[in-house]
Amino acid sequence: MFPSQKYLSLAVALLLLSCQSEMDEQSNNTQATITNASPLTTYLQRVAMVQTVQDNVIDGSSYCTIKLPYTVTVNSQKIAVNTIADYQKVLDNINANTYDDDIVHIDFPVTMVYYNYIEKLIPDEADFNSLIAFWNLYPDLLSKINGLNINYPITINSYNSANQMAGSQSIVSDQAFFNFIKNLNPSEYISLRYPISIVDYNNQTKSINNNLEFENAIKYAIDYCPENNIATVDFAQAITNGSWEIPYFFDDSEKTASYNGYSFVFKNDNTVVATKGATSQTGQWESTVLYGAREVKIEFAAEPLSKLNRNWKLFEFNNSQIRLRDVSSSTNYLYFQKK
């Protein structure tokens with residue numbers, strides 16, 4: 001079997017990719033520059049990840065997919081999986097009879113593709129089971145954002161403040177876009193050349209004209225594409241479970257450092273206790289849904305915590321991460337992550 005350490009570097013890389021502290025100022029201009037740590041950049045990288053949910057009926061994991069082609073056996077019937085359309089054949093066989101075992105047996109060896117485009121040859125069932133068990137240890141990674149496809153090519157302008165070099169690059173695929181973002185360094189500033197054409201999960205083609213429109217389109221995909229909501233998590237239950245810290249706070253400029261060392265506990269009585277060392281302050285929080293959008297209101301009496309006071313809009317969340325956004329004259333962000 002594959003020992004866990006063989007996958008540990010992959011998990012750490014993905015964890016950093018999903019949870020990294022997003023610490024650079026992002027203006028609200030239509031051609032705003034962004035960096036490798038800007039919120040939009042990390043969302044776009046997740047849009048460009050490998051699609052992994054389409055074969056969950058076979059591999060049972062949303063963090064990897066089996067590279068085509070390969071063969072499976074279901075209820076004594078061999079099925080060649082040569083295209084994505086063949087996943088339906090597997091599902092149809094499973095649903096054909098309620099009295100068979102419906103166990104999907106994969107013909108090994110197969111190649112697994114992780115959602116960061118890393119490939120790994122899996123020689124047998126024991127190694128496959130070890131791999132899936134490993135990924136199941138990380139259920140709250142922020143994985144691929146489905147339901148939004150970019151029509152390539154797109155053009156990205158760049159400027160490197162370290163060597164004062166400017167340039168542009170044509171991106172022709174999701175993998176190229178993913179790797180482009182992955183290889184950005186902190187001294188590089190990029191801007192997307194608009195308009196950019198996308199296709200949403202309703203198969204509607206739309207034109208994106210600025211950074212905020214792109215982020216809003218991603219938010220729409222997160223909310224409405226069923227493939228992004230495989231596991232149902234109750235927000236109130238998630239936020240009141242355990243303690244949280246702030247990995248990122250942007251209010252006209254990046255101000256995360258002001259909250260280093262704070263621990264936040266959200267209670268069922270709508271109080272929130274912020275503790276740093278021997279000092280604590282109690283504030284109020286509430287969550288409401290208005291016109292289908294969840295708002296999270298936070299109120300503290302004294303600075304620096306009172307700087308968090310706002311009616312935030314929930315961007316996305318799971319059991320270990322909460323991402324809030326406020327769009328007014330500028331776009332501001334408040335992220336919590338489980339301690």
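This is a predicted model: local features need pLDDT of at least 70, side-chain atom pairs count only at pLDDT 80 or more; totals for chains, interfaces and linings use all residues.
I will start with the nonpolar cores. The largest one has 62 residues. Those with the most contacts inside it are Ile58, Val72, Val90, Leu148, Phe177, Phe214 and Ile218. Take phenylalanine 177 from that list. Beyond its neighbours within four places in sequence, phenylalanine 177 is in contact with Leu44, Ala48, Ile150, Tyr152, Ile154, Ile156, Ile171 and Leu192. There is also a second, separate core, of 23 residues, and Ile246, Phe264, Leu305 and Leu314 are among its members.

Two of the residues I named for the largest core, Phe214 and Ile218, sit in helix 7, where both are buried. That helix covers residues 211-224, which is 14 residues. From first C-alpha to last, helix 7 reaches 20 Å, close to the 20 Å expected at 1.5 Å a residue. Which residues of helix 7 are buried? They are Asn211, Phe214, Glu215, Ala217, Ile218, Lys219, Ala221 and Ile222. As background, an α-helix has 3.6 residues a turn, so residues three or four places apart point the same way. At the N-terminal end, helix 7 is capped by asparagine 210, with a side-chain oxygen 3.1 Å from the backbone nitrogen of leucine 212.

Next, strand 11 and its partners. Four of the five residues in strand 11 are buried, so the strand is largely enclosed by the rest of the structure. Strand 7, residues 148-150, pairs with strand 11 in the antiparallel sense over three bridges. In that pairing, leucine 148 is opposite aspartate 200. Leucine 148 is also on the list of residues with the most contacts in the largest core. Strand 11 pairs with strand 12 as well, again antiparallel, over four bridges. There, isoleucine 198 has lysine 206 of strand 12 opposite. Strands 11 and 12 make a hairpin with four residues between them, and asparagine 203 takes a positive phi near 65°.

Glutamine 204 is in that loop, between strand 11 (196-200) and strand 12 (205-208). C-alpha to C-alpha, glutamine 204 is 9.8 Å from leucine 148, although 56 residues separate the two in sequence.

Strand 14, residues 263-266, and strand 15, residues 271-276, pair in the antiparallel sense over four bridges. Their hairpin has four residues between the strands, and asparagine 270 in the turn has a positive phi of about 70°. Strand 15 then pairs with strand 16, residues 279-290, antiparallel and over six bridges. The hairpin of strands 15 and 16 has two residues between the strands, with glycine 277 at a positive phi near 65°. In strand 16, the bridge partner of valine 273 is threonine 282.

Now two asparagines. Asparagine 160 lies in strand 8, residues 154-160. Asparagine 160 has a relative accessible area of 13% and is buried. A polar atom of the asparagine 160 side chain lies 2.8 Å from the backbone nitrogen of alanine 162. Leaving out residues up to four places away in sequence, asparagine 160 touches Met165, Asn185, Ser187 and Glu188.

Asparagine 183 is in the loop between helix 6 (174-182) and strand 10 (188-192). At a relative accessible area of 57%, asparagine 183 is exposed. The side chain of asparagine 183 reaches the backbone oxygen of asparagine 179 at 3.0 Å. Serine 38, which is 145 residues away along the chain, has its C-alpha 14 Å from that of asparagine 183.

Last, the cysteines. How many disulfides are there? The count, with sulfur atoms required to be within 2.5 Å, comes to zero. Cysteine 225 is in no disulfide, and the nearest cysteine sulfur, that of cysteine 64, is 19 Å away. Both of these cysteines are buried: cysteine 225 has 4% relative accessibility, and cysteine 64 has a relative accessible area of 0%.

Technical notes: Residues are numbered from 1 along each chain as its sequence is written. Side-chain values use heavy atoms; hydrogens and water are left out. Buried means under 20% relative accessible area, exposed over 50%, partly exposed in between (1.4 Å probe, protein chains only). A polar contact is a pair of N or O atoms within 3.5 Å; within protein, one must be able to donate a hydrogen and the other to accept it, and residues adjacent in sequence count only if both atoms are side-chain atoms. Contact means heavy atoms within 4.5 Å. The expected span of a helix is 1.5 Å times one less than its number of residues. Two strands pair if DSSP finds at least two bridges between them. A nonpolar core is a set of buried Ala, Val, Leu, Ile, Met, Phe, Trp, Tyr and Cys residues joined through side-chain atoms within 4.5 Å.
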